[in-house]
Amino acid sequence: MTATLRQRAEALLAKFYGYRSFRPGQYEIIEAVAAGRDAVVVMPTGGGKSICYQLPALLASEGCAIIISPLIALMQDQTQALVANGIPAGAIHSNQDESINRHLVEAAATGRLKLLYISPERLISDFDVFRNMRISLFAIDEAHCISQWGHDFRPVYTQLSALKDAFPYVPVIALTATADRLTRRDIIVQLRLSNPYCLLSSFDRPNISLSVYPNPGARERNRFIADMVRKYPQDSGIVYSLSRKGAEETYKALTALGVPAVVYHAGMTPLQREASLKAFLAGRVPVVCATIAFGMGIDKSNIRWVVHVNMPGNIESYYQEIGRAGRDGLPAEAVMFYSLQDVILRRNFADQSGQAGINKEKLARMQAFAEAGNCRRRILLSYFGEEYTCDCGNCDNCRRPPKRIDGTVIAQKAISAVCRTGGRLTIYSLVALLRGERRFDLVQDGFTELPTFGVGADMSKEEWMSYAMQMIQLGIFDIAYEDANRLRVTTFGMKVLRCVEKILLTVYVPVVAGAGRKMRAPRPEALDPERQLFEQLKAVRADVASDENMLPYLVFDDAALLDMAKKRPSDIDAFLHVQGVSEKKAVMFGKRFLREIRKFEGLSANERGVTFKETLVLFNSGCSVDEIAEIKKIKPVTVYGHLARLVDDGMITDFRKIINPQDYIEIVREYDRNPEDARDILAERFPRGLPMVALAIRRVLAEKNPNIKE
Ligand code: ADP
Ligand code: ZN
């Protein structure tokens, strides 16, 4: 009976990734692409897009899949992960020697690679090289870059429309984490996809809690971030700033507070960036202070929190950035600080962007999200066109529904101040005036003599900022962007002043780190056994990673270690059932993790016979003797020794896979003829150790059929 496509796909998923089942939607995409159909995959970051094109690439009987990806770091990450799982893959890029690039193209052309990553620029310029290659599929990662509607338009992507002309029969699969309806349509039209299979999976990431606070100023903010680091001592976080300068400043402030951090932005040299990235990914520092230059394709599973020091320019970016947290599915926090300054800056950016209309509209939606008083997840999901009909319970507005008070008197104080100064105040000087701060400009303009000076001294600056912002949102003030962002009182504002209208204000709540989900205090002696084993396994991972010169999460990610700590496998078979343990990794690293688990369980450190089982696992997965020897770092003759014993034990029954019948006959004949010298004679013609296997086979056959002479 031949296996169905689904069975084959699931077998590959288990073998190369160590996963039991597909996530919703994944198999349908794989099936469509395997049948030669185009596809569009819209899945949030961390949703599992890679498998949607990697599995069809593995299923294809011939040809190499070409993956178009915009960032070198991303390509390297992906290829390293693939190779670590035993899948032949490579990436062509300008950061490596041209001879390597040529070699990879050659390997792809001769069918030795299953996947080849390449940048769109390179693909376009080297188009002819690929024309005669057997290509199983094209995958276009970050496909929203093709659309002007997207938030990350890259003109070179539009040239990818040439693919369908040159390769009309090769399926194209476009993948993105961020696409509204217009972008989606643009992707399909521009890539000329014909009747593509579309997967639009939910954007909900329920484990990420969402909060927005009015920006309390650098000092408070940095203290808040330092508290976050302390709250999650085992994990890491990202601080996003709008500018390089902002990232540098946060970095310096955190360092001064004794929090180890690195900085990452586009103003650094590639080498500096690489060093920051490595330190962060390897878990040597818990925090990266970054600009949006950081993050595309970052696959670190234990990022517990993301703090936005400034409001992003659109919801797509915000969503993508917070999506880097909690990829292991455990609770994570997204905290955004928001100030009017951000809105003003972003407006200027939008004006200069060449697409002012679209970008200002997107900014307005972002601002509405930041200022919202109802469930933030609902706002987010409705932005992506999803229906979500109940409140989430895991955002600041759900957890503490904003308390409202009659704010008419508070507003009147502010309105009258703005009126009396003849419309010369910005939000900042307004707050200073109300609080009675003797700022230079206020003194100079004589505003310190006004009766409104200091009428609001009973409230903090943060409180006033929050209320003044709300007054802008409520339409009491307008901001004259063209006139140094000064405040103007609207007609509605005048009505409030004259008590014709009343208003409600949301009570200001001060910023406290960890206002999100309550976490247990991280006292090591109070850890439950599972958590404790998890920590021990992390230490093993760190050792393995440094010995193998690999990034820790490429050895096993946190989700895999957690499952290990939960299942506590004591032998290699059980180990293979852990989520995220591929066959290759089981053999390469299993022993060291098993030793730790067995110790934890009070068993002897080494499982008996484990090395034979490893050989069997690899042999069954189709590795040659030389490949097994290389992976296990043992001699081929030792591998033959294992195989002989496995034959003896009845673990291998399909002998043709080890030795071809002619060789078998020749070897056993030689032993019959010449038992003394057979070994030496055969050593000249066969690999050392193969005769052991032949003899084992004969023993087994003789047992089954006594007529065969032993
Ligand atoms: P994306 O590219 O959509 O951001 P990835 O492809 O990197 O997401 O996948 C995110 C994480 O989910 C990875 O750790 C991946 O190994 C894991 N994953 C993907 N598919 C599955 C699955 N079917 N079962 C378990 N884990 C999966
Ligand atoms: Zn909510």
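Let me begin at the ligand, with Tyr19: a side-chain N or O atom of Y19 sits 2.6 Å from an oxygen atom of ligand 1. What we are looking at is a predicted model, and every distance I quote is computed from it.

In G48, a polar backbone atom is 3.1 Å from an oxygen atom of ligand 1. In G47, a backbone N or O atom is found 3.4 Å from a ligand oxygen. On its own, ligand 1 has 560 Å² of accessible area, and the protein covers 83% of that.

Which residues come closest in the shell around the ligand? There are 16 residues surrounding ligand 1, and the closest are Y19, S21, G46, K49 and S50.

Let me now step back to the whole protein. It has 710 residues, of which 53% are buried. The fold contains 33 helices and 17 strands. The accessible surface amounts to about 32300 Å², and carbon and sulfur atoms account for 50% of it. If we take contacts between residues at least 6 apart in sequence, 71% of them join residues at least 24 apart.

I turn next to the interior. In soluble globular proteins, nonpolar side chains tend to be buried together. Here, the largest nonpolar core has 139 residues. Those with the most contacts inside this core are F294, F477, F556, M564 and F593. Helix 21, residues 461-473, supplies the largest share of the core, with seven residues.

F593 deserves a separate word. Leaving aside residues up to four places away in sequence, F593 touches L537, V540, R541, V544, V555, F556, L561, M564 and F575. Two of these partners, F556 and M564, are themselves among the residues with the most contacts inside the core.

Now to helix 19, residues 427-435. Why can we call this helix largely enclosed by the rest of the structure? Because seven of its nine residues are buried. The buried ones are I427, S429, L430, V431, A432, L433 and L434. These residues pack against helix 14, helix 18, helix 20 and helix 21, and also against strand 15 and strand 16. Just after helix 19 comes G436, with a positive phi of about 75°.

Helix 18, one of those packing partners, covers residues 408-420 and includes T408. Is T408 buried or exposed? With a relative accessibility of 4%, T408 counts as buried. The T408 side chain reaches the backbone nitrogen of I503 at 3.2 Å. Beyond residues up to four places away in sequence, T408 touches V496, E501, K502 and I503.

There are also two asparagines whose backbone geometry I wish to point out. N485 is not a glycine, yet its phi is positive, at about 60°. N485 belongs to the loop between strand 15 (477-480) and strand 16 (486-489). At 22% relative accessibility, N485 counts as partly exposed. The other is N195, also a residue other than glycine, with a positive phi near 40°. N195 is located in the loop between helix 9 (181-190) and strand 7 (197-200). Its relative accessibility is 59%, so N195 counts as exposed.

K231 lies in helix 10, residues 218-231. With a relative accessible area of 18%, K231 is buried, given that the cut-off for buried is under 20%. What does the K231 side chain contact? It makes a polar contact with the side chain of E333, at 2.4 Å. K231 and R304 are 73 residues apart in sequence, while their C-alpha atoms are 9.9 Å apart in space.

E361 is in helix 15, residues 356-371, and is partly exposed, with a relative accessible area of 48%. From E361 to R230 there are 131 residues in sequence and 38 Å in space, C-alpha to C-alpha.

Conventions. Residues numbered from 1 in each chain as written. Chains lettered and ligands numbered in written order. Predicted model: local features only at pLDDT ≥ 70, side-chain atom pairs only at ≥ 80, totals over all residues. Heavy atoms only, no water. Near = heavy atom within 4 Å. Polar contact = N/O pair within 3.5 Å; in protein donor to acceptor, adjacent residues only side chain to side chain. Areas by Shrake-Rupley, 256 points an atom, 1.4 Å probe, with all protein chains shown as cover. Helix = DSSP H or I, 4+ residues; strand = E, 2+ residues; numbered from the N terminus. Buried < 20%, exposed > 50% of the residue type's maximum accessible area, 1.4 Å probe, protein only. Contact = heavy atoms within 4.5 Å. Core = buried A, V, L, I, M, F, W, Y, C linked by side-chain atoms within 4.5 Å.
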